Amino acid sequence: MKKNPLIPFAWTAVIGLILIIGVSFWALQQDGEESAEGNGGNGEKQEQAEAAPEEIYAQSCASCHGGDLGGQVGPALTAVGGKYSKDEILGIINNGKGSGMPAGLIQGEQAEAVAKWLSEKK
């Protein structure tokens with residue numbers, strides 16, 4: 001009597017699925033523990049709010065304005081503080097400018113921190 005050659009592959013698939021499901025539940029549990037240890041699930045948002053303006057700029061603005069503020073697609077910001085005040089820069093960040101600068105890429109405390117940092121660039 002010949003054995004079915006698909007049986008070993010079926011067992012391998014079943015074991016693989018069980019492992020995938022088990023690891024998924026384990027990862028979900030680990031993520032929940034990190035949130036509980038941190039700030040009640042607010043860890044990532046608070047971390048972004050406390051990030052240095054340079055880091056926020058690097059994440060949200062550098063792709064257009066350049067990592068060194070020298071400009072690329074967007075204008076250079078090396079001396080933007082000599083042209084605009086903090087409030088004007090904050091207005092541009094919040095409302096956008098023309099067709100090139102979209103509104104609201106960064107918001108709230110992050111926008112204020114970046115506006116203050118850029119206003120010091122003279």
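I am working on a predicted model, where local features need pLDDT of at least 70, side-chain atom pairs count only at pLDDT 80 or more, and totals for chains, interfaces and linings use all residues. Residues are numbered from 1 along each chain as its sequence is written, and side-chain values use heavy atoms, with hydrogens and water left out.

**Cysteines**

I searched the whole structure for disulfides and found zero. I then looked up Cys-64: its closest cysteine sulfur is in Cys-61, 8.5 Å away, so the two are too far apart for a bond. For cover, I call a residue buried under 20% relative accessible area, exposed over 50%, and partly exposed in between (1.4 Å probe, protein chains only). Cys-61 is buried at 15%, while Cys-64 is partly exposed at 34%.

**The helix and its nonpolar side**

Next I went to Ile-7, which sits in helix H1, residues 7-37 (helices are DSSP runs of H or I, at least four residues, numbered from the N terminus). Ile-7 is partly exposed, with a relative accessible area of 44%. I found Ile-7 in a nonpolar surface patch of about 630 Å², together with Trp-11, Val-14, Ile-15, Ile-18 and Leu-19. Such a patch takes residues with over 30% relative accessible area and no salt bridge, joining nonpolar side chains within 5 Å; a salt bridge is a side-chain nitrogen of Lys or Arg within 4 Å of a carboxyl oxygen of Asp or Glu.

**Record check**

I looked in UniProt too: an unreviewed entry places a "transmembrane region" at residues 6-28. In the model, residues 6-28 are 96% helix and 0% strand, and their end C-alpha atoms lie 33 Å apart.

Technical notes:
Patches are made of residues with over 30% relative accessible area and no salt bridge: like charges are joined within 9 Å, nonpolar side chains (Val, Leu, Ile, Met, Phe, Trp, Tyr) within 5 Å. Accessible areas come from the Shrake-Rupley method with a 1.4 Å probe; for residues, only the protein chains shown count as cover. Helices (H or I, at least four residues) and strands (E, at least two) are DSSP runs, numbered from the N terminus. UniProt positions are given in the numbering used here, feature names are shortened, and annotations may be inferred rather than shown by experiment. A disulfide is a pair of cysteine sulfur atoms within 2.5 Å.
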